[in-house]
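Hi,

Here's the structure I promised to pass along.

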Amino acid sequence: GHGHQTMQQTLLPTDNSNQSVAFPGFVNGRQQQAPTVVQTDPGQMQNYNGHIASAPNLGGMPPQQELPPQQVLPPGSAPSGLPPPQANGMAPHASPSMGMGTASKPGCIQAQRTRARVGIRNWKNTCYMNSLLQCLFLTDAFSAGLFDFELQPPKKSRGPMDDDVNDRALFEGIKDLFAKLFLTSRPHVDLTQFITEMPDRFRSGEQQDFTDSARFILEHLGGYDQPLVRNVFAGELEHVTCCQFCGHRSSRPTTFSDLEFMVPAVSDPSQGPTLQQLYNNFLEVETLDGDNKWECPQCQCKRDAKKWTAVLSPPGHLFVVLNRFTSFDEEKLVPLKTKTYVRLQEPLHIQNACGVFVYHLYAVVVHQGDHGGEGHYYCFGCRSEADQRQWSICDDSQVREVPEQDLYNLSQGPMINDNPYVLFYRCVQLPKSHPPQLPSRYIQEVEQWDRIDRGG
């Protein structure tokens, strides 16, 4: 289904807005002072008031590596470490050529990163999965890291729905598929080998929700406990409740790989919010009073309180869900869809005590349909680390180049039912990943597959 649980919408309180503390950052294991903050439009950051929170153990790091109190982390810092931003908005040594050498590891070939050019055939309503795989493939740190990564057995048991999942087979299946996307001379590839490693519900012919499928895939590729997902998509939030009588604070850290923002219904759908406004709304304060007072553990009674969420460590790559399915049609028994235009033209800015981090959009999953009970998924995308953003539209087996403006025409005019649903952003201060190093055996395997596919 398309319904989602909405995360708490909270804000940073104002009582500590004048605090001034020098926060260390860690660069190559050395402690450094907090950097100069990148200047942005003050209006874009109006809901951020400088509240400072401690960072807990992040992203599956072992307890003995827990960071000291008051350490606030920059994107991607669990565990590989992103240098804090400098005044020019770039991390130290993050030049456009970083990691783009030509040498290959022994027994490997260096694959060329091109714009999206190869489609994925639809297999029993797999448009949602095809769109997800194209977005992950265009995430350069993920598609390169996949071939360096050694998947370990899960540390904790999973639910009964996951009993029939072979993580190793799923991992090898996605590597085989990505190797074909890198190397094939064919216009599209086949999903069958990969999808057969998925649970029955993915092979039933019934369309699954994109975000549920994405969370499933990332969890079975090691999730936060292992470096592939942790290094690319994991960030850290802190949920805080503060008693307005005694000042006692209760905090709960959570690791996340996606953030979910409510899309508001507005009288004129073409006059919708920017993504920055939706992000700022996510940080808004919630007042707990009246019948909703908080049970303060220090006062030992119910008190008025403030409740908010702070971003301690934003991820290197941000996976955003625009929740458009928040109500239900009782007659048709389908989720209703909010088609409000969300402005995506501007970068997203995320601020914490280390500075302001700037995120650029590189992939958008579109839900096409009048309501949540039907529809089709396709995506727009460009390579996440490309210096020149060249956009393509990936619609199952069909891939074609498009101008970037096509992306901004969604949710209006003839495209009113084609609405951005999931967004992928990359932090521009993040150093570039190394080129993908594929084991040489894939050359022969893909050439053989190409011949068979041609009937040769």
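Predicted model: local features only at pLDDT ≥ 70, side-chain atom pairs only at ≥ 80, totals over all residues.

Arginine 383 pairs with aspartate 140, with 2.6 Å between the closest N and O atoms. The arginine sits in the loop between β18 (376-381) and β19 (392-395) and the aspartate in helix α2 (residues 140-145), so the bridge ties together parts that are 243 residues apart in sequence. Both arginine 383 and aspartate 140 are buried.

Next is lysine 432 with aspartate 387, where the closest N and O atoms are 2.7 Å apart. Lysine 432 is buried at 17% relative accessible area, whereas aspartate 387 is exposed at 54%.

Then there's arginine 389 and glutamate 404, at 2.9 Å between the closest N and O atoms. Both are partly exposed: the arginine has a relative accessible area of 32%, the glutamate 26%. You'll also find a network, in which salt bridges with shared partners join Arg113, Asp140, Arg383, Glu385 and Arg426.

As for the lysine, residue 293 is in the loop between β9 (286-288) and β10 (294-296), and it is partly exposed at 35%. Beyond its neighbours within four places in sequence, lysine 293 contacts Leu288, Lys302, Arg303 and Asp304. Its C-alpha is 9.5 Å from that of cysteine 243, 50 residues away along the chain.

Cheers

Notes
Residues numbered from 1 in each chain as written. Heavy atoms only, no water. Helix = DSSP H or I, 4+ residues; strand = E, 2+ residues; numbered from the N terminus. Buried < 20%, exposed > 50% of the residue type's maximum accessible area, 1.4 Å probe, protein only. Contact = heavy atoms within 4.5 Å. Salt bridge = Lys/Arg side-chain N within 4 Å of Asp/Glu carboxyl O.
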